[in-house]
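Biologist: Please walk me through the pockets and the helix packing of this model.

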Amino acid sequence: MKFEVTILGSSSSTPIFNRNPSAQLLNVNEKFILIDCGEATQNQLLHFGLKANRIDHIFISHLHGDHYLGLVGLLSSLHLNGRTKPMDIFGPAELLEIIDIQFKHSQTLLRYPLNFRITDPSIKEKILDNYDIVVESFPLDHRIPCTGFRFTEKQRLRKIIKEKIDELDIPSEMIPRIKKGEKFIDKRGNVYLSADLTTEANVPKVYVYCSDTICSWKYLDFIMNADTLYHEATFMNEMLQRAEETFHTTALQAAEIAIKSNAKKLLIGHFSARYKDLNPLLLEAKTLFNSTSLAIEGMTFEI
């Protein structure tokens with residue numbers, strides 16, 4: 001099963017140099033999920049050859065412009081390009097008002113349904129549960145209400161041992177049933193248990209997205225044991241006071257969070273426009289947590 005994230009935007013409040021505001025595309029078994037939608041998100045999708053029409057779910061963390069101002073443009077382009085299948089949007093209640101007023105005054109009636117789910121920035125809650133994935137939102141500690149998102153793969157069926165298929169002449173229609181635990185009886189009457197013909201499925205992986213937040217530790221319990229943790233790292237630690245004033249995190253603090261949450265890998269992003277060279281932020285985080293990578297636009301990371 002494919003489970004990977006492509007970085008579309010990694011800048012903080014304003015676009016700068018070669019960086020755009022926050023946006024990520026999560027590929028879950030060839031189904032696309034958009035996480036935040038800053039300005040130029042649809043341009044970035046085009047630039048990296050990712051088809052916007054394959055997106056069925058959009059998650060918006062909060063209502064600072066660098067996280068949602070590209071949304072109306074994207075929805076409008078999908079309308080103009082003939083989309084008819086529904087789009088699910090998860091975000092703050094006020095976001096629906098913003099979307100509605102934009103389309104009201106442009107006299108636009110979308111060709112496709114928008115299914116809007118209001119997120120609650122004060123609690124952890126399950127907001128999506130389908131065949132591929134479970135998504136939970138949880139509260140972060142920012143200047144305005146803000147949620148993080150935890151994406152957990154669904155447990156898959158056991159894997160059939162391919163050599164057994166030919167060896168025992170197992171009919172194709174029996175394979176799904178064996179994976180689900182049924183026994184198999186061959187032509188000679190020999191009985192094989194599912195455990196004899198299959199191996200354990202991969203352990204479900206977890207991707208955690210921590211949008212804008214101060215390092216308050218309040219959300220630590222919600223992000224434990226991620227295979228990949230994305231965490232904002234707007235400043236270097238020499239600017240800790242500025243980070244605290246603006247309710248943001250430093251690269252060093254992001255590394256501390258990765259350690260305390262038992263993350264396997266850390267992605268840092270949401271970089272301040274003051275940094276043309278991002279390597280100092282990476283090196284700072286690596287002093288504590290070596291398995292750290294920069295959320296560079298266009299890069300895809302396997303969860």
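Biologist: What is the volume of the largest pocket?

Modeller: This is a predicted model, so all values are computed from predicted coordinates. Rolling a probe the size of a water molecule over the atoms shows where empty space is left. For the largest pocket, that space is about 470 Å³.

Biologist: Which residues lie closest to the centre of the largest pocket, and which elements give two or more residues to its lining?

Modeller: The lining of the largest pocket holds 21 residues. Closest to the centre are Met 1, Glu 153, Arg 156, Lys 159 and Asn 202. The elements that supply two or more lining residues are β1 (3–9) and β10 (159–160).

Biologist: How many residues of each class are in the lining of the largest pocket?

Modeller: Two residues of this lining are polar. Nonpolar residues number nine. The charged count is 10.

Biologist: Which residues lie nearest the centre of the second largest pocket?

Modeller: The second largest pocket has a volume of about 300 Å³. Its lining has 17 residues: two nonpolar, five charged and 10 polar. Nearest the centre are Ser 12, Ser 13, Thr 246, His 248 and His 270.

Biologist: Are α2 and α3 parallel or oblique to each other?

Modeller: Two packed helices are described by the angle between their axes and the distance between the axes. The axes of α2 (residues 71–80) and α3 (residues 93–105) come within 10 Å and cross at roughly 55°. The crossing is right-handed. With angles from 65 to 115 degrees counted as roughly perpendicular and those under 35 as roughly parallel, α2 and α3 are therefore oblique.

Biologist: Which residues of α3 does α2 meet?

Modeller: From α2 come Leu 71, Val 72, Leu 75 and Ser 76. The contact divides into six nonpolar, two polar and no charged residues. On the α3 side are Leu 95, Ile 99, Gln 102 and Phe 103.

Biologist: Which residues of α8 and α9 make their contact, and how many of them are charged?

Modeller: The axes of α8 (residues 251–260) and α9 (residues 279–286) come within 8 Å and cross at roughly 35°, in a right-handed crossing. Ala 251, Leu 252 and Ala 255 of α8 meet Leu 281, Glu 284 and Ala 285 of α9. Five of the contact residues are nonpolar and none polar. The charged count is one.

Notes. Residues are numbered from 1 along each chain as its sequence is written. This is a predicted model: local features need pLDDT of at least 70, side-chain atom pairs count only at pLDDT 80 or more; totals for chains, interfaces and linings use all residues. Side-chain values use heavy atoms; hydrogens and water are left out. On a 1 Å grid over the protein atoms alone, a cavity is a set of points where a 1.4 Å probe fits but cannot get out, and a pocket is an open set with protein on both sides within 12 Å along at least five of seven lines; lining residues have an atom within 4 Å of a point. Grid points are joined across faces, edges and corners, and a volume is the space filled by probe spheres set on the points. Helices (H or I, at least four residues) and strands (E, at least two) are DSSP runs, numbered from the N terminus. Ala, Val, Leu, Ile, Met, Phe, Trp, Tyr, Cys and Pro count as nonpolar, Asp, Glu, Lys and Arg as charged, and the others, Gly among them, as polar. Axes are lines fitted to C-alpha atoms, for helices over the stretch in contact, and angles run from 0 to 180 degrees between N-to-C directions. Angles under 35 degrees count as roughly parallel, over 145 as roughly antiparallel, 65 to 115 as roughly perpendicular and the rest as oblique. A crossing is left-handed if the near helix is turned anticlockwise from the far one by less than a right angle, and right-handed if clockwise. Contact means heavy atoms within 4.5 Å.
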